[in-house]
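Q: I would like to learn how to read the features of a model like this one, one feature at a time. Please give the general idea before each case.

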Amino acid sequence: MPACNEEKETQRTEAFSDGVFAIAITLLALELKVPPDRVMAAGGGLKEALLGQWPVYMAFLVSFVNLLIIWVCHHNIFSLIRRTDGKFLYINGFLLLTVSVFPFPSALVGEYIHTSNASLAAAIFAATIFFNCLSFNLLWNYLAANRDLLKKDISPAVIREIRNNGFIGLPFYVAAVAAAFWSPYLSLAICTGMAVFFAVKGTIQHLDRSSGAPAE
């Protein structure tokens, strides 16, 4: 396949992926609703009604941060890809599946985090991110095993660095699922902490492709 066609196909795949991310983030925002007037009429004013929706705001913020960092990492992976193939597209599709369902566990957390069902809601949220992390690992390991899909200037050290960073996330997200049944807030904190980790250390742009060392 000519280089120009390879680049075009890769851009199409990334554009489609970006669309899925955009829709998922938009659906997150749709959970932010104006309190109906009847709620305020029952007691209290707009301030009290808005404050009463704090679980929805928290769920939105945690979900947005996670989705934003997932998108950044996904974008950075595509900056290292020279071309795609059929298997890559299906693995990327699995990753997008985990992204597209993200608004559902986010809504569960917003609705149930202050109820007796908080543990299950937080566990489902953490499990969603676990499968997203798993899909990233599958995607990168497939690329590492098929080096012709990657750009030629990427060193083996960079490939190992990205793979190792991905593996770190899996046990932490399993721990987050388990922690949900002890403390839902701890589970959400673990998920958010890992998102920060991937933003700082796991972001591929921080790596120098030619040397494998962190970029200055």
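A: We can start with charged pairs. A salt bridge is a side-chain nitrogen of Lys or Arg within 4 Å of a carboxyl oxygen of Asp or Glu. The model here is predicted, and by this rule the count comes to 1 salt bridge.

Q: Which side chains meet in a salt bridge, and at what N to O distance?

A: The partners are D148 and R83, with N to O at 2.4 Å. The pair links distant parts of the chain, 65 residues apart: D148 sits in the loop between α7 and α8, and R83 in the loop between α4 and α5 (86-100).

Q: How do I judge whether D148 is buried or partly exposed?

A: The general idea is a pair of cut-offs on relative accessible area: buried is under 20%, exposed is over 50%, and partly exposed lies in between. D148 has a relative accessible area of 37%, so it is partly exposed. R83 also counts as partly exposed, because its relative accessibility is 22%.

Q: How many helices and strands does the protein chain have?

A: There are 9 helices and 0 strands in the protein chain. Read along the sequence, the pattern is α-α-α-α-α-α-α-α-α.

Q: What share of the residues in the protein chain is buried?

A: Of the 216 residues in the protein chain, 43% are buried. The accessible surface comes to about 11200 Å², and carbon and sulfur atoms hold 67% of that surface.

Q: Among contacts between residues at least 6 apart in sequence, what percentage join residues at least 24 apart?

A: The general idea is to sort contacts by separation in sequence. In this protein chain the figure is 77%.

Q: How is a buried residue read in detail? Take N66: where is its place, and with which residues is it in contact beyond its neighbours within four places in sequence?

A: N66 has its place in helix α4. Its relative accessibility is 2%, which is why N66 counts as buried. Leaving aside neighbours within four places in sequence, N66 is in contact with F102, F125, I129, C191, T192 and A195.

Q: And S135: in which helix is it found, and which residues does it touch?

A: S135 is found in helix α7. S135 is at 0% relative accessibility and therefore counts as buried. Not counting residues up to four places away in sequence, S135 touches I91, F94, L95 and T98.

Q: How many cavities of 30 Å³ or more does a search of the whole structure find?

A: The general idea is that a cavity is space where a 1.4 Å probe fits but cannot get out. The search of the whole structure finds 1 cavity of 30 Å³ or more. About 300 Å³ of space lies in the largest cavity. It is lined by 21 residues, and C73, C133, F136, G166 and F198 are the closest to its centre. Two or more lining residues come from each of α4, α7 (118-145), α8 (156-179) and α9 (184-200). The largest share of the lining, 7 residues, comes from α7.

Q: How much space lies in the largest pocket, and which residues lie nearest its centre?

A: A pocket, by contrast with a cavity, is an open set of points. The largest pocket holds about 280 Å³ of space. Its lining has 14 residues, with E31, V56, A107, G110 and E111 nearest the centre. The elements that give two or more residues to this lining are α4 and α6 (103-112).

Q: Which residues form a nonpolar patch on the surface?

A: The patch is formed by L32, L46, L50, W54, Y57 and Y185, with about 540 Å² of accessible area together. Helices α3 (46-51) and α4 (54-78) each supply at least two residues of the patch. One member, L50, is found in helix α3. L50 counts as partly exposed because its relative accessibility is 34%.

Technical notes:
Residues numbered from 1 in each chain as written. Predicted model: local features only at pLDDT ≥ 70, side-chain atom pairs only at ≥ 80, totals over all residues. Heavy atoms only, no water. Patch = residues over 30% accessible without salt bridge, like charges linked within 9 Å, V, L, I, M, F, W, Y side chains within 5 Å. Areas by Shrake-Rupley, 256 points an atom, 1.4 Å probe, with all protein chains shown as cover. Helix = DSSP H or I, 4+ residues; strand = E, 2+ residues; numbered from the N terminus. Buried < 20%, exposed > 50% of the residue type's maximum accessible area, 1.4 Å probe, protein only. Contact = heavy atoms within 4.5 Å. 1 Å grid on protein atoms, 1.4 Å probe; cavity = no way out; pocket = protein on both sides within 12 Å on 5 of 7 lines; lining within 4 Å. Points joined across faces, edges and corners; volume = space filled by probe spheres on them.
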